[in-house]
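Open the structure in your viewer and keep the selection tool ready. We will go stop by stop.

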Amino acid sequence: MPTSADALRDRYERVREEIGSGVTVVVATKYASIDELALLAEAGIETVGENRAQDLEAKHARYGGAFHWHFIGHLQSRKAKTVNEICELCHSLDSASTAARLTVPALVEVNLSGEKSKSGVAPEELPAFLELYADVRGLMTMPPFTDDPEASRPYFRRLRELAEAHGLRELSMGTSQDYRVAVEEGATYVRLGSTLFGGIGRSPE
C-alpha cells in the first residue's frame, strides 16, 4: 500500500483523469486490511470492490458509509444475503442458484476464454441465463493473464459486442494490467488494485 493518503490520492486522480468521467474506478480491496481502508477513505476513494463475502462484511462494519460497495469475486449463493445487504452492484453473477437469491443490480460474468479455472457463463448460454435475473445491468469478463495488454483486446471487444446485442450498457472489464485497452473498448467499470497500491501483483477480480 502507498504510505500516505496523499500518495494514493495522486495515483487515483491520475487514473481518473486518464480514463475520463464515464468510467468508474472500482478499487479492489482484497489485499487491503481493515485498518488500511482508512487510508483509502482519506484519499477520497469512492467505490471499492471486495472478493470475499466475509471480508466485505467485516470491512463494511467499520467503514459502511465511507464507500460505495461492489462485490467483484465469485459469489456463492449462500453468501448472496451479505451482498444484498451491503452492495449496490454485484459484478460476478454466474449461476442460477445465485440468481435465485440475489436482489441487487448485477453484471453477468462471461467466460470468454473457456478456461476451466475461471468462473462465468459460456457465451452461448448467455441468452438463456439473462432470462433468470430481472436486474442485469451489463456484463463482466476476465481475459487470460498476459504481460501484453493488447492480448486482452479481443476479449473486451467480444464482451462489448455481446452487451450491445442484448441491450446492456455496463461493462466491467480491465484490471491493472490492461485497463487502458478496456477503456478503449468501452469499459464502464475498471477494477484496479496494483496500479494504485503498487508492487502487490495483479489484483484478482
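How many salt bridges does the count come to? The count comes to 18 salt bridges. Bear in mind that this model is predicted.

**Stop one: Glu-46 and Arg-16.** Select both side chains. They form a salt bridge, with the closest N and O atoms 3.5 Å apart. The pair links distant parts of the chain, 30 residues apart. Glu-46 lies in the loop between α2 (37-42) and β2 (47-50), and Arg-16 sits in helix α1 (residues 5-19). Glu-46 is partly exposed at 39% relative accessible area. Arg-16 is partly exposed too, at 32%.

**Stop two: Arg-52 and Asp-55.** Here the closest N and O atoms of the salt bridge are 2.7 Å apart. Arg-52 is partly exposed at 33% relative accessibility. Asp-55 is partly exposed at 22%.

**Stop three: Glu-170 and Arg-169.** These side chains meet in a salt bridge of 2.5 Å, N to O. Buried or exposed: which is Glu-170? Glu-170 is buried, with a relative accessible area of 13%. Arg-169 counts as exposed at 61%.

**Stop four: helix α7.** Select residues 153-165. The helix has 13 residues and reaches 18 Å from first C-alpha to last, close to the expected 18 Å. Color Arg-153, Phe-156, Leu-159, Leu-162 and Ala-163: they are buried. The buried residues of α7 pack against α6 (126-130), β6 (136-140), β7 (170-172) and α8 (179-184). Just after α7, find Gly-167, which takes a positive phi of about 70°.

**Last stop: a network.** Select Glu-150, Arg-153, Arg-157, Arg-160, Glu-164, Glu-184 and Glu-185. Salt bridges link them in a network.

Note on methods
Residues are numbered from 1 along each chain as its sequence is written. This is a predicted model: local features need pLDDT of at least 70, side-chain atom pairs count only at pLDDT 80 or more; totals for chains, interfaces and linings use all residues. Side-chain values use heavy atoms; hydrogens and water are left out. Helices (H or I, at least four residues) and strands (E, at least two) are DSSP runs, numbered from the N terminus. The expected span of a helix is 1.5 Å times one less than its number of residues. Buried means under 20% relative accessible area, exposed over 50%, partly exposed in between (1.4 Å probe, protein chains only). Contact means heavy atoms within 4.5 Å. A salt bridge is a side-chain nitrogen of Lys or Arg within 4 Å of a carboxyl oxygen of Asp or Glu.
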